[in-house]
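This report describes one protein model in plain terms. Please look at the sequence and the structure below before reading on.

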Amino acid sequence: MKLLVLGSAAGGGSPQWNCNSEVSKAVRRQDEGTSIRTQSSIAVTSDGESWFLFNASPDLGSQIFKNHQMHPKKDLRHSPIKGVVLTNGDVDHVAGLLSLRERQDLSIYAHPRVHSVLKQNSIFNVLNPDYVDRRDMEMNKEFQLKDKDGKFTGLSIEAFEVSGKIALWLEDESKGKNFGTEEGDTIGLKISSVEDKKSFFYIPACAKMTDDLRARLYGSKLVLFDGTLWVNDEMENSKVGQKTGQRMGHMNNSGPDGSMAAFEDIEVERKIFIHINTTNPILLPNSSERREVENNGWEVSFDGMEIEI
Ligand code: MLT
Ligand code: MN
């Protein structure tokens with residue numbers, strides 16, 4: 001099984017179009033060791049031919065262009081991309097669906113909650129149902145991903161609910177302090193190759209480590225985990241916003257309540273931060289925060305990162 005990081009940044013990317021904070025500026029200056037990171041998505045294949053996207057970012061067009069694995073290979077109309085699996089309804093994870101029109105066979109898997117909000121938004125009807133099959137995912141049950149024609153692709157997934165938040169554009173203040181969040185608004189995925197049973201976890205958003213999640217992850221070979229912020233009040237510290245990580249549904253990387261501490265007693269071979277916000281100092285190659293992350297056995301993902309599992 002191969003995994004390709006199409007976009008390693010959180011919503012907005014890095015640099016973010018309207019951001020002048022340290023990381024965005026360093027990336028624009030092309031400081032050594034920095035790189036442009038597009039918005040959150042990975043692609044996975046088990047046979048090297050058929051790929052599934054996990055989330056579809058607003059940058060999908062350029063991500064496909066930059067990665068030859070995603071290019072059409074045969075016939076006048078072709079794509080190695082057979083479908084998309086969504087982990088939530090965030091703009092950075094669904095807006096790329098709009099770039100996947102043009103009468104191409106696809107199957108889109110999501111939690112029924114996410115499918116229902118996409119259905120309410122008629123702009124997503126550009127995904128013509130004659131070509132694009134929208135399939136509900138059952139939670140906590142492994143199943144094989146199939147292409148539009150029902151052919152197995154060699155990949156299987158198990159989706160599970162994690163602590164998180166309803167998509168920003170669906171927040172409803174009248175519904176109290178969780179803004180109308182329901183189970184299933186944020187999910188994590190175990191992605192496996194059917195043939196050799198190898199697997200990894202992809203969890204680009206997670207607000208809290210729970211006993212259930214800890215037990216799932218224990219003993220795994222690879223986890224790609226929510227790396228959005230270094231500290232909970234980073235947006236305020238960087239003077240670019242007021243929202244905390246918790247308010248946005250993300251655990252911070254550092255500190256006693258952070259993800260690095262939470263993973264300390266979970267045996268995982270390889271741990272990689274993904275969905276990293278442009279305010280996060282781990283994106284700067286010489287920062288003390290980057291050193292701390294690496295000293296703790298974590299890696300920082302980058303666009304184009306390839307992993308053979
Ligand atoms: C998030 O991950 O918190 C969201 O993508 C925020 C957003 O929609 O900008
Ligand atoms: Mn996001």
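Asn140 has its place in the loop between strand S6 (132-136) and strand S7 (143-146). Helices (H or I, at least four residues) and strands (E, at least two) are DSSP runs, numbered from the N terminus. This is a predicted model, in which local features need pLDDT of at least 70, side-chain atom pairs count only at pLDDT 80 or more, and totals for chains, interfaces and linings use all residues. Residues are numbered from 1 along each chain as its sequence is written, chains are lettered from A and ligands numbered from 1 in the order in which they are written, and side-chain values use heavy atoms, with hydrogens and water left out.

**Loop residues**

Asn140 is not a glycine, yet its phi is positive, at about 60°. Lys239, in the loop between helix H6 (234-237) and helix H7 (245-248), also has a positive phi, near 60°, and is a residue other than glycine. The loop between strand S1 (2-7) and helix H1 (22-28) holds Pro15. Ser14 and Pro15 are joined by a cis peptide bond, with omega of about 5°.

Buried means under 20% relative accessible area, exposed over 50%, and partly exposed in between (1.4 Å probe, protein chains only).

| Residue | Relative accessible area | Class |
|---|---|---|
| Leu118 | 2% | buried |
| Asn140 | 45% | partly exposed |
| Lys239 | 75% | exposed |

**Leu118**

Leu118 belongs to helix H4 (residues 112-120). Apart from its neighbours within four places in sequence, Leu118 is in contact (heavy atoms within 4.5 Å) with Leu86, Val94, Leu97, Phe124 and Arg134. From C-alpha to C-alpha, Leu118 and Gly11 are 18 Å apart in space, and they are 107 residues apart in sequence.

**Asp92 and the manganese ion**

Which residues coordinate the manganese ion (ligand 2)? The ion is coordinated by Asp92 (OD) and His275 (NE2), at 2.1 to 2.2 Å. This pair links distant parts of the chain, 183 residues apart: Asp92 is in helix H3, and His275 is in the loop between strand S12 (268-274) and helix H9 (288-295). Donors are N, O and S atoms within 2.8 Å of the metal (3.2 Å for Na, K and Ca); water is not among the atoms, so sites may look incomplete.

Helix H3 covers residues 91-94. Asp92 and His275 are both buried. Their side chains are joined by a polar contact of 3.1 Å. A polar contact is a pair of N or O atoms within 3.5 Å; within protein, one must be able to donate a hydrogen and the other to accept it, and residues adjacent in sequence count only if both atoms are side-chain atoms. Beyond its neighbours within four places in sequence, Asp92 is in contact with residues including Ala10, Gly11, Gln39 and His275.

**The protein as a whole**

The protein has 9 helices and 14 strands. Its radius of gyration, taken over C-alpha atoms, is 18 Å, close to the 19 Å that the globule rule (2.2 Å times the number of residues to the power 0.38) gives for 309 residues, so the protein is as compact as a globular protein of that length. Along the principal axes, the C-alpha atoms fill a box of roughly 50 × 45 × 40 Å. Of the 309 residues, 53% are buried. Among contacts between residues at least 6 apart in sequence, 67% join residues at least 24 apart.
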